[in-house]
Amino acid sequence: MTETVNGVVFLVMSFATIGGAVMMLSTRNVVHAAFWLLEVMLATAGLYLLMSAEFLALVQVLVYAGSVTVLMIFTVMLTLRRRDDAVRPFEPGWGGAIMAALFGGSVTFAIAQFASKLPAGIFPEAAPDVAAFGEKLFTAWMVPFEIASLVLLVALVGAVWWSGGDGQ
Amino acid sequence: MNLLQPVGVVSFMALSAVLFSLGLYGAMSRKSTVMVLMSLELMANAVNINLVALSRFTAPVEMTGQFFAVFSMVVSAAEIGLGLALVLALYRQRQTIELDAMQELEG
């Protein structure tokens, strides 16, 4: 991978990410919003590639773009009776907008305050590759990995329990 | 500001902050349960970007942030599965997925 993050590539990726998020929140059709979420997830995978985290980019495409968005679209299909139900009334939510703007402003201010203490734009070293990532995952991070798989199993069983159908 | 110069960790953190704020706005303002869950995914995404960026720019060899991002993805995948199962259970009971329909406990 390259030693630095190209500014133009980063700008394109961040435009795709934030623009997709804005479109997701501004569209009134829930199905369109799900597809904009898919676009945001793919752009985030590109950002991971930019930071030479190839495995995470792959997992992002598989898990978020692949399954989470499909799950969203399935839920929309299962819970809307008519095609017109997907189009929602305009709900600006000014209180939420003010809160989010305050939060974002304060976080950006904090980042600007601490910017001098953070490293500059040059990558420190060439990053380890996927093989090194896997080796660490199955040696140093073995126990958290197993706990994570257990969490996924319990969540899967719980999801089936909740949504599955004896009509309770 | 020169657009061609390499970007640093601050740019990634600013991007993550903007993305998180957008997700926060969506989670607080939408009235459709599915839209709220989508906004939660947006926020989890922003957190993951932040983790990976800080790991890449400060300690690239240890990759601690990448492992944290992997486990955060696991938790958020479990969360979205359970959340959508709850939406389906709510739909079965109330025939709607509007948040306004969930105003009483022990319904």
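Predicted model: local features only at pLDDT ≥ 70, side-chain atom pairs only at ≥ 80, totals over all residues.
## Helices within and between two chains

Trainee: Which residues of α1(A) are buried?
Mentor: Start with the cut-offs: a residue is buried if 20 or more other C-beta atoms lie within 10 Å of its own, exposed if 12 or fewer, and partly exposed in between, with C-beta atoms placed from the backbone. By that count, the buried residues of α1(A) are A:Phe10, A:Met13, A:Ser14, A:Thr17, A:Gly20, A:Ala21, A:Met24 and A:Leu25.

Trainee: How many helices does chain A have?
Mentor: Helices (H or I, at least four residues) and strands (E, at least two) are DSSP runs, numbered from the N terminus. Along the sequence, chain A reads α-α-α-α-α-α. It has 0 strands, and its helices number 6.

Trainee: How many residues does chain A bring to the contact with chain B?
Mentor: Two residues are in contact if their C-beta atoms, placed from the backbone, lie within 7 Å. Chain B gives 61 residues, and chain A gives 75.

Trainee: And which element gives the largest share of that side of chain A?
Mentor: Elements giving two or more residues there include α2, α5 (130–137) and α6 of chain A. The largest share, 11 residues, comes from α1(A).

Trainee: At what angle do the axes of α6(A) and α3(B) cross?
Mentor: Axes are lines fitted to C-alpha atoms, for helices over the stretch in contact, and angles run from 0 to 180 degrees between N-to-C directions. Here the axes come within 8 Å and cross at roughly 5°.

Trainee: Are α6(A) and α3(B) roughly parallel or roughly antiparallel?
Mentor: Angles under 35 degrees count as roughly parallel, over 145 as roughly antiparallel, 65 to 115 as roughly perpendicular and the rest as oblique. The crossing is at roughly 5°. That makes α6(A), relative to α3(B), roughly parallel.

Trainee: How many nonpolar residues are in the contact of α6(A) with α3(B)?
Mentor: Ala, Val, Leu, Ile, Met, Phe, Trp, Tyr, Cys and Pro count as nonpolar, Asp, Glu, Lys and Arg as charged, and the others, Gly among them, as polar. The residues that meet include A:Trp162 in α6(A) and B:Phe71 in α3(B). By class, this contact has no charged residues, 3 polar ones, and a nonpolar count of 17.

Trainee: How do α3(A) and α2(B) run, roughly parallel or roughly antiparallel?
Mentor: Their axes are 11 Å apart, and the packing angle is about 175°. The two helices are therefore roughly antiparallel.

Trainee: Where is A:Ser52?
Mentor: Phi of A:Ser52 is near 50°, a positive value in a residue other than glycine. A:Ser52 counts as buried because it has 20 C-beta neighbours inside 10 Å. Its place in chain A is the loop between α2 and α3.

Note on methods. Residues numbered from 1 in each chain as written. Chains lettered and ligands numbered in written order.
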